[in-house]
Amino acid sequence: MLSTALRRSLARHSAFPNRRLYSSPSESTQKKAQDTLASAQKNASKLWESSKKYLDPLTEKAGQMLGSYKQPLLYNLSVTKEVLKQIYVAEALQPPTLSAVRQAYESIWYQVSRSGALGKLVRDGEVARVGIYGLQAYGIFKIGEIVGRRSLVGYDLH
């Protein structure tokens with residue numbers, strides 16, 4: 001909608017009113033994109049084959065080490081996988097859609113940007129609760145940083 005209005009405005013003020021303001025991909029660009037995709041797929045298949053070549057002996061050796069426990073272990077793993085799938089579907093654990101995230105942030109921004117929202121928090125005594133939630137979020141963030149660095153203070157520079 002905005003781009004249509006912008007094009008009309010530019011067309012009125014332009015020396016070339018019938019000139020297009022955008023371009024469609026040419027055949028050479030499409031051909032180049034297809035070639036790039038084909039080469040990426042070829043490289044990915046080569047990588048898969050080479051990793052398979054190195055992983056097959058490892059999985060075979062692991063299977064030999066497990067001995068008679070291999071089949072029950074694989075069975076239990078497949079049962080666990082199926083149970084987790086059912087839980088995932090039943091509890092609707094899929095990540096939110098982009099529109100749901102956008103709607104949530106718009107709602108939060110609307111609540112915060114209203115002039116009376118902060119005053120209402122103070123009047124209702126909710127400031128302490130919101131502060132504690134903020135402190136918990138900050139603490140979880142810092143714990144994630146510590147785990148990611150694998151160090152309590154600073155980065156290990158070995």
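Predicted model: local features only at pLDDT ≥ 70, side-chain atom pairs only at ≥ 80, totals over all residues.
Student: Why is R150 called exposed?

Tutor: Set the value against the cut-off. Exposed means over 50% relative accessible area. R150 has 74%, so it is exposed.

Student: Which other residue has a positive phi although it is not a glycine?

Tutor: Look at A92, with a positive phi of about 50 degrees. A92 belongs to the loop between α3 and α4.

Student: Is A92 buried, exposed or partly exposed, and what makes it so?

Tutor: The middle class lies between under 20% for buried and over 50% for exposed. A92 has a relative accessible area of 47%, and therefore it counts as partly exposed.

Student: Back to α6, then. How do you know that its length agrees with its residue count?

Tutor: Helix α6 covers residues 127–149, which is 23 residues. The expected span takes 1.5 Å times one less than the number of residues. That gives 33 Å for α6, and its end C-alpha atoms are 33 Å apart, so the two agree.

Student: Let's turn to charges. What makes K142 and E145 a salt bridge?

Tutor: A salt bridge needs a side-chain nitrogen of Lys or Arg within 4 Å of a carboxyl oxygen of Asp or Glu. The closest N and O atoms of K142 and E145 are 3.0 Å apart, so the pair falls inside the 4 Å limit. Both residues lie in helix α6, three residues apart, about one turn of the helix. Salt bridges with shared partners also join K142, E145 and R149 into one network.

Student: Why are K142 and E145 placed in their accessibility class?

Tutor: K142 has a relative accessible area of 31%, so it is partly exposed. E145 has 28% and is therefore partly exposed too. Each value sits between the 20% and 50% limits.

Student: How many salt bridges does the structure hold?

Tutor: There are seven. One of them links E82 with K85, at 3.3 Å from N to O. That distance is again within the 4 Å limit.

Student: Why are E82 and K85 separated by about one helical turn?

Tutor: They are three residues apart in helix α3, so about one turn lies between them. Both are partly exposed: E82 has a relative accessible area of 38%, and K85 has 43%.

Student: What about R102 and E106; what makes them a salt bridge?

Tutor: Their closest N and O atoms are 3.1 Å apart, so this pair also meets the 4 Å limit. R102 and E106 are four residues apart in helix α4, about one turn of the helix. R102, at 52%, passes the mark and is exposed, whereas E106, at 45%, is partly exposed.

Student: Which residues form a nonpolar patch on the surface?

Tutor: Y75, V79, V83, L84, I87, Y88, V89 and L93 form it, with about 760 Å² of accessible area together. A patch takes residues with over 30% relative accessible area. Take V89 in helix α3, residues 70–90.

Student: Last topic: what lines the largest pocket?

Tutor: The lining is made up of I108, Q111, V112, R114, A117, L118, K120 and L121. The pocket holds about 190 Å³ of space.

Student: How do you know which helix gives the most to that lining?

Tutor: Count lining residues helix by helix. Helices α4 (98–113) and α5 (117–124) each supply at least two. With four residues, α5 gives the most.

Note on methods
Residues numbered from 1 in each chain as written. Heavy atoms only, no water. Patch = residues over 30% accessible without salt bridge, like charges linked within 9 Å, V, L, I, M, F, W, Y side chains within 5 Å. Areas by Shrake-Rupley, 256 points an atom, 1.4 Å probe, with all protein chains shown as cover. 1 Å grid on protein atoms, 1.4 Å probe; cavity = no way out; pocket = protein on both sides within 12 Å on 5 of 7 lines; lining within 4 Å. Points joined across faces, edges and corners; volume = space filled by probe spheres on them. Buried < 20%, exposed > 50% of the residue type's maximum accessible area, 1.4 Å probe, protein only.
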